[in-house]
Amino acid sequence: MQLSRTRTFILLTFLVAMWGVNWPLSKYALEFATPLLFAGLRITIGGLILLVFALPRYRSLNLKQTWHIYLISAILNIILFFGFQTFGLSMMPAGLFSTIVFMQPVLLGIGAWLWLGESMNGLKIVGLILGFIGVAVISINDGSGNISTLGVLLGLASTVTWSFGTIYMKKTSTKVDAIWLTTLQMIFGGIVLLITGTAVENWTDIVWNQPFISTLSVIAIFCTALTWLVFFLLVKSGEAGKIGSFNFLVPLIAIVISVIFLGETITTKMVIGLILIILGIVLVNLKMKSMPNRNKV
């Protein structure tokens with residue numbers, strides 16, 4: 001499925017904006033809930049919302065022959081990714097943690113080249129490196145809280161599992177329906193996280209007040225269900241490395257929101273990081289635009 005440039009731009013803008021908002025919102029929500037139960041709630045609710053869109057496409061499910069694809073995708077993209085992410089986020093500032101997780105485009109670009117046969121050239125390599133450096137600059141500059149070694153490791157684990165999950169999804173995209181894939185992995189992964197959370201955490205520790213319910217609703221609908229659906233649709237329609245490259249903007253948005261609402265200061269290093277990120281995105285996509293019909297999978 002090929003999307004028009006206008007539609008792709010709109011979907012990418014929505015995706016990056018919502019994932020940027022997700023980090024400070026999730027950090028705020030964790031003030032009222034425990035990590036695993038919060039992750040399980042947001043993902044299960046998101047999966048049930050997507051089920052409404054998936055049910056009319058029941059003929060595309062083909063669960064008997066493709067169940068293993070849904071299972072592996074759920075383990076990589078939901079259970080491990082969100083499990084590592086939510087625990088790590090509870091240990092570190094939201095902006096800093098997001099920069100670690102969103103080194104994913106670097107791994108994704110390399111993985112798409114190695115395992116998906118996508119193009120790799122000098123400009124793309126330089127772009128990936130610049131994007132990585134830009135994220136690193138912002139990461140070094142972000143926040144004043146103590147940096148948790150375990151939090152950093154959990155962030156890196158989130159990056160690795162998400163990268164492999166995205167590559168696996170792209171590799172199997174012709175065998176499953178994108179909406180069903182997103183829906184089932186969320187429902188299954190969310191239930192596993194809820195069961196695990198129930199075993200090791202207490203439901204009574206959740207503060208069911210209006211701020212938490214409102215924040216959970218926004219995260220489940222916009223930052224989980226709709227964004228993951230858009231992400232997988234975009235990956236299926238174009239090069240995984242190209243789509244992933246725009247994710248360099250997510251930590252920047254997360255930090256800007258923190259500046260606006262938490263009173264953090266914009267510094268020279270943050271501006272330098274932004275410039276490097278934009279240059280990286282331009283270089284990653286420049287060569288591919290000039291060769292639109294080559295090395296497609």
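Does Gln185 count as buried or exposed? In this predicted model, Gln185 has a relative accessibility of 0%, and it therefore counts as buried, the limit for that class being under 20%. Gln185 is found in helix α8, and, leaving aside neighbours within four places in sequence, Gln185 is in contact with Tyr70, Ser73, Ala74, Asn77, Ile78, Gly190, Trp228 and Phe232.

With that position in mind, the overall fold can be taken in. Of the 297 residues of the chain, 55% count as buried, and, among the contacts with a separation of 6 or more, 92% are accounted for by residues 24 or more positions apart. The accessible surface of the chain comes to about 13,100 Å², and 71% of this area belongs to carbon and sulfur atoms.

The interior is the next place to look. In soluble globular proteins, nonpolar side chains tend to be buried together. Here the largest nonpolar core has 58 residues, and the members that touch the most other members are Trp19, Trp23, Phe38, Trp162, Phe212 and Trp228. Two or more residues of this core come from each of the elements α1 (5–29), α2 (35–54), α3, α4 (94–101), α7 (149–171), α8, α9 and α11 (249–262), and α9 gives the most, with 12 residues. Trp228, one of the core members named above, touches Trp19, Asn77, Phe81, Phe82, Trp162, Thr182, Gln185, Met186 and Cys223, not counting residues up to four places away in sequence; the contact between Trp228 and Gln185 leads back to the residue with which this account began.

Helix α9, which spans residues 210–237, also holds Thr224. The relative accessibility of Thr224 is 0%, and for this reason Thr224 counts as buried.

Ile179 counts as buried because its relative accessibility is 14%. Apart from residues up to four places away in sequence, Ile179 touches Phe53, Ala54, Arg57 and Leu229, and the C-alpha atoms of Ile179 and Phe232, which lie 53 residues apart along the chain, are separated by 8.3 Å.

Arg57, one of the residues that Ile179 touches, has a further partner. The structure holds one salt bridge, in which Asp177 pairs with Arg57, their closest N and O atoms being 2.4 Å apart. This pair links distant parts of the chain, with Asp177 in the loop between α7 and α8 and Arg57 in the loop between α2 and α3, 120 residues apart.

Most residues other than glycine have a negative phi, and most peptide bonds are trans. Against that background, phi of Asn62 is near 50 degrees, a positive value in a residue other than glycine. The relative accessibility of Asn62 is 37%, and so Asn62 counts as partly exposed.

Finally, the surface carries a nonpolar patch of about 440 Å², made by Leu63, Trp67, Leu71, Ile75 and Phe188. Helix α3, comprising residues 63–89, gives the most to this patch, with four residues. Ile75, which lies in helix α3, has a relative accessibility of 34% and therefore counts as partly exposed.

Key: Residues numbered from 1 in each chain as written. Predicted model: local features only at pLDDT ≥ 70, side-chain atom pairs only at ≥ 80, totals over all residues. Heavy atoms only, no water. Buried < 20%, exposed > 50% of the residue type's maximum accessible area, 1.4 Å probe, protein only. Contact = heavy atoms within 4.5 Å. Patch = residues over 30% accessible without salt bridge, like charges linked within 9 Å, V, L, I, M, F, W, Y side chains within 5 Å. Areas by Shrake-Rupley, 256 points an atom, 1.4 Å probe, with all protein chains shown as cover. Salt bridge = Lys/Arg side-chain N within 4 Å of Asp/Glu carboxyl O. Core = buried A, V, L, I, M, F, W, Y, C linked by side-chain atoms within 4.5 Å.
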